[in-house]
Amino acid sequence: MDFSIIINEYQFYLDGLWTTTWLVTLSLLLGLLIAIPVGIFQNSENRLIRFPIWVYMYFFRGSPLLVQLFIIYYGAAQFDWLRESWMWYYFQEAWFCALLAFTLNTGAYTAEIVRGVIATMPEGELEAAKAYGMSKWQTLRRITLPNSLRRALPAYSNEIIFMIHGSAIAGIVTIVDITGAARVVNARYYAPFEAYFAAALLYMCLTFTVIFAFKQWEKRYQIEK
Amino acid sequence: MSQATLSIKNLHKSFADNEVLKGIDLEAQKGDVISILGASGSGKSTLLRCVNLLETPTSGEIRVNGELIEMRQDKKLGAVPVSLKQVERIRSRLAMVFQSFNLWSHMTVLENIIEAPVHVLGVPKKEAIVKAEAILQRVGLYERKNYYPGQLSGGQQQRVAIARALAVEPEVMLFDEPTSALDPELVGEVLNVMRGLAEEGRTMLVVTHEMAFARDVSNKVLFLHQGLVEEQGKPEDIFENPSSERFKQFISSVY
């Protein structure tokens, strides 16, 4: 076993760490932007609104992230109209396909979290909002969302961790993320244990940073209970 | 005669086939403190919740300061308000205190109190805070202004809820069994605050089981039985001289 390889190739890993970080962070942010309205409308009484949301959520929660990534990365090229449109500029890039797959995937999972916390909003607090003359929109903005999103924190921190780990498949479509870096190093030195062990350590660093940040965040809201 | 602050005429409310209110008339002048009594299932909470349309009445008239809440018949939904805007505006003039407090749990005490004035009535935030602090002094919770509802006892939470109601300077305060969820030793602090409000001349509609409050504080008592007003009048008259046999039974069973 020779860990000096890792030290010599640390630049690869740092680049990989950076790629994983921005790819996951951006996916999570965009996913959250999708998830909040989708989660809200999933509670809608209108079937015409609920049905497309249902299709979206069940597709992305019902199939593996890797398959979704393949559909976008390899499948997109099959459509001439796409190849001829301005969008092809993005779809031919592996990073864009990964970003799109990750965003849609985490969007669906997070929407389910949002739907759940909104559905379990304390009835009495909503009634109080009504009784004090708030409109539906005001109630959503001032009461339902701030209350629900706090309750979503524990479940959402899990989703972030799943996303960090799930992003390892980006390496398969040529992206040099943490796993991608490990693949390159392994290919060069044939030292799979060292190469992937170093990757595991980096993923753990990211994971524990997230866990720690959310602990602090939840602690801040704990006093409210 | 001066215009009634709140006037209810021939109010009916049914849930599916169950008719809970069968034609209630009620009038509150400014400064009236009206206690609404009745056994559970008599419709007293439903009556109160119809006043600010938390329940939509099946038929009947509600006027606040003479303004009629306009209703129309919808084929599917039955009676619905014509204008949600009007309902929201009227609700913002009627404050409600709930049995289970229903404070907004993600806001501090102070934030709970300024929420409706600032975001519904459009009072400048600074002004609302000054007023909220004065109200908190009154209900004896100024020191707790930065606490969250979950950190307070039931009695304290209910006093905050009353402060929240006061902050909108309501035409009528609606109390829905405000002490029923409290431990016996906490009931007193809430009733004291309510007594103070009554003395100050607030118009209050109080659904309650507290006979002493009904008798000593209110100037009018309504006794509901199976969706109808069975007995009403000044407390000194009807408690001493009940004309209804059921009301007689009711007071003797509660005492």
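User: Ground rules before we start?
Analyst: The model is predicted: local features need pLDDT of at least 70, side-chain atom pairs count only at pLDDT 80 or more, and totals for chains, interfaces and linings use all residues. Residues are numbered from 1 along each chain as its sequence is written, chains are lettered from A and ligands numbered from 1 in the order in which they are written, and side-chain values use heavy atoms, with hydrogens and water left out.

User: How many residues does the contact take from chain A and chain B?

Analyst: Chain A gives 21 residues and chain B gives 27 residues. Contact means heavy atoms within 4.5 Å.

User: And how much area do chain A and chain B bury between them?
Analyst: About 2,100 Å², with 55% of it on carbon and sulfur atoms. Buried area is the accessible area (1.4 Å probe) that two parts lose on being put together, summed over both.

User: How many salt bridges between chain A and chain B?
Analyst: The count is 2. A salt bridge here is a side-chain nitrogen of Lys or Arg within 4 Å of a carboxyl oxygen of Asp or Glu. One of them joins the side chains of Glu127(A) and Arg49(B), at 2.7 Å, N to O.

User: Which helices of chain A touch chain B?
Analyst: α8 (123-131) and α9 (136-166) of chain A each supply at least two residues of that side. Helices (H or I, at least four residues) and strands (E, at least two) are DSSP runs, numbered from the N terminus.

User: OK, switching to strands. What does β11(B) pair with?
Analyst: β11 (residues 220-225) of chain B pairs with β3 (residues 33-38) of chain B in the parallel sense, over 5 bridges. Ile36(B) has Leu222(B) as its bridge partner there. β11(B) also pairs with β12 (residues 228-233) of chain B, in the antiparallel sense over 5 bridges. Two strands pair if DSSP finds at least two bridges between them.

User: What's in the turn between β11(B) and β12(B)?
Analyst: The two strands form a hairpin with 2 residues between them. Gln226(B) in the turn has a positive phi of about 45°.

User: Now β1(B). Which strands does β1(B) join?
Analyst: β1 (residues 6-15) pairs antiparallel with β2 (residues 18-28) of chain B over 8 bridges. Ala16(B), in the turn of that hairpin, has a positive phi of about 50°. β1(B) also runs antiparallel to β4 (residues 59-64) of chain B, joined by 5 bridges. His12(B) stands opposite Ser59(B) in β4(B).
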